[in-house]
Amino acid sequence: MQILPDFDLKHNNTFAIPAQASYFVTCDNVDDIVKLCKDEFFRSQPYLIIGGGSNLLFVENFVGCVVRFTDDTWEVLSEDDDSVTIKVSAGKKWHDLVMETAQDGYWGIENLALIPGDTGAAAVQNIGAYGVEICRTLSTVHTVDLRDGSLRDFSNEECKYDYRYSIFKEKEMGHYFIYAVELRLSKKPDPQLSYAGLQELTGHPTLTPEVVARHVIAIRESKLPDHHTLPNAGSFFMNPIVTASVYEALLREYGQVPHYIVGKEYKIPAAWLIEQCGYKGKKIGNVGCYERQPLVIVNYGGATGEEIVALSEDIRSSVKEKFGIEIHPEVRFVKTLNSNPALSK
């Protein structure tokens, strides 16, 4: 375990916002987490558990403890002729895991290549792309209860996964520290190629998980900026799901509307709504919407969290005014007051 006071979080969030944390704590193993949660000073502090910082926007300095789990290992727990179950430490970079398992010939998460962040955070967010979500393969989430240091495992069903949602996003679940997850991957070909851009792989003579992953990488790199060179948090807003009547009204107005059918409802790409409002490539001060993908808000240099919040609120208001549709941030706005409560309270 390492505890660093007055820590600059710029390199721990992909927006590169230079917020300060009173303390930055790294835990290397489960014993570190248990030891931390029994420390009286930590128990008195507001705290924030982070992964790679790819879904966070620091709006102000964090007066408390920011904690990150650093173990990045994974192992095979069991396997048979059809599948393999792996246990992955929460600190494993998600993209690295995708590529390593794809190279081993395991199917299930190859569509999720190049999504930034750590595996523990991926399980919280229920990350998804190109028709696949992590919950499709996730079987178990391993946690430490920070209230008493006890261990608890959550099944897939207990996580209550939905679109960009898990039970761990609820504030009352904030005392659970995810330290590992289990994924069940297929040894037999199981390509998910229904989304646009992947359909051209249908009938590929030597299709492997790695082929799919590298195809996804090429698509994402053609549309999305690298946060190392142009700081961003990927998709800033979730795609809204609307009723059939709302979709039909849009269709009458615009003739064609991109959509995905979700049961009896329709998922409308937030990027399309934002582009219709004129934000694609628009720059205001130090922030703007990326020229190739308006769903991505970027920091062009020197931006503050408040600037990014202001632009996001302008976008939300414009979409609401033009379409009557609410879009909601996928990115979490972080202030000390909306962090997990101190454990002593």
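I will go through the overall build of this protein, its domains and one of its pockets.

What we have is a predicted model, in which local features need pLDDT of at least 70 and side-chain atom pairs count only at pLDDT 80 or more, while totals for chains, interfaces and linings use all residues. Residues are numbered from 1 along each chain as its sequence is written, and side-chain values use heavy atoms, with hydrogens and water left out.

The protein is divided into domain 1 (2-69), domain 2 (74-222) and domain 3 (237-333), with bounds from an automatic or database domain assignment. The C-alpha centres of domain 2 and domain 3 lie 26 Å apart, and their contact, defined as heavy atoms within 4.5 Å, takes six residues from domain 2 and six residues from domain 3.

Where does the second largest pocket lie? Domain 1 and domain 3 both give residues to its lining, so the pocket lies between them. A pocket here is an open set of points on a 1 Å grid over the protein atoms alone, where a 1.4 Å probe fits, with protein on both sides within 12 Å along at least five of seven lines, and lining residues have an atom within 4 Å of a point. Of the 18 residues that line this pocket, A16, I17, P18, N299 and A303 are the closest to its centre.
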